[in-house]
Amino acid sequence: MGAKKLRKQLQQMSVTTHEALLSSTRRTVALGVRKAKAIAPVDTGDLVSKFSGHTMSKDGNTFGFINFHDGTASAAIKFGAVNYGRKGSRTSSGTRLKNSVASTGQTSGYHIRETIKLIISERHKRAVTRSINKAIKDAVK
């Protein structure tokens with residue numbers, strides 16, 4: 001009778017662990033979207049309104065995505081210019097001073113994508129470990 005109980009506990013543990021991981025991933029993705037909006041160089045507008053998150057489960061695996069643009073080419077170019085900066089995008093020098101940032105059109109990037117990755121990766125790793133340990137503890141009870 002002990003083997004049946006153990007088998008049932010192990011089956012329940014996989015369901016409980018999967019639910020906990022999905023919930024943890026949803027929270028982490030939501031945190032990533034909030035942090036991305038917080039560190040963006042503007043408070044409103046096209047850049048910030050395009051930030052979104054998505055969580056899905058497929059074949060027993062859980063995936064979380066943070067989207068920084070809506071998938072169109074123009075939105076990707078705009079986000080790339082903000083994230084990585086622009087290099088010499090002005091086509092004419094006009095009356096601006098030579099070799100200044102204003103005359104060349106160069107800007108430094110905000111590195112939003114890399115910063116968010118650093119912020120949420122360690123946090124999510126700890127959350128997953130806690131979820132698995134809690135599921136094991138609950139299954140053994």
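1. Fold pattern. Helices (H or I, at least four residues) and strands (E, at least two) are DSSP runs, numbered from the N terminus.

2. What kind of model this is. This is a predicted model, in which local features need pLDDT of at least 70, side-chain atom pairs count only at pLDDT 80 or more, and totals for chains, interfaces and linings use all residues. Residues are numbered from 1 along each chain as its sequence is written, and side-chain values use heavy atoms, with hydrogens and water left out.

3. The chain as a whole. The chain has 141 residues, and 23% of them are buried. Buried means under 20% relative accessible area, exposed means over 50%, and partly exposed lies in between (1.4 Å probe, protein chains only). The chain exposes about 9900 Å². Carbon and sulfur atoms supply 57% of that area. Accessible areas come from the Shrake-Rupley method with a 1.4 Å probe; for residues, only the protein chains shown count as cover.

4. Contacts along the sequence. Take the contacts in the chain with a separation of 6 or more: 59% of them join residues 24 or more positions apart. Contact means heavy atoms within 4.5 Å.

5. The two strands. Strand E1 (residues 52–58) and strand E2 (residues 61–67) run antiparallel, joined by seven bridges. Two strands pair if DSSP finds at least two bridges between them. Which residues of E2 stand opposite Ser52 and Gly53? Ser52 faces Asn67, and Gly53 faces Ile66. E1 and E2 form a hairpin with two residues between them. In the turn, Asp59 has a positive phi of about 55 degrees.

6. The largest pocket. Its space is about 190 Å³. The search uses a 1 Å grid over the protein atoms alone: a cavity is a set of points where a 1.4 Å probe fits but cannot get out, while a pocket is an open set with protein on both sides within 12 Å along at least five of seven lines. Grid points are joined across faces, edges and corners, and a volume is the space filled by probe spheres set on the points.

7. The lining of that pocket. There are 15 lining residues, and the closest to the centre of the largest pocket are Asp46, Leu47, Ala75, Lys78 and Phe79. Lining residues have an atom within 4 Å of a point. Helix H2 (46–49) and helix H3 (73–84) each supply at least two residues of the lining. H3 gives the largest share, five residues. By type, the lining holds eight nonpolar, three polar and four charged residues. Here Ala, Val, Leu, Ile, Met, Phe, Trp, Tyr, Cys and Pro count as nonpolar, Asp, Glu, Lys and Arg as charged, and the others, Gly among them, as polar.

8. Asn83 is in helix H3. Why does Asn83 count as buried? Because its relative accessibility is 0%. Leaving aside neighbours within four places in sequence, Asn83 is in contact with Gly109, Tyr110, His111, Ile112, Arg113 and Glu114. His111 lies in the loop between helix H4 (101–104) and helix H5 (112–140). His111 is not a glycine, yet it has a positive phi of about 50 degrees. Its relative accessibility is 38%, so His111 counts as partly exposed.

9. Ala139. This residue is in helix H5. Ala139 is buried because its relative accessibility is 14%. Not counting residues up to four places away in sequence, Ala139 touches Gln9 and Met13. Ala139 and Leu10 are 129 residues apart in sequence, but 6.8 Å apart in space, C-alpha to C-alpha.

10. Arg34. From Arg34 to Phe51 is 17 residues in sequence and 8.8 Å in space, C-alpha to C-alpha.
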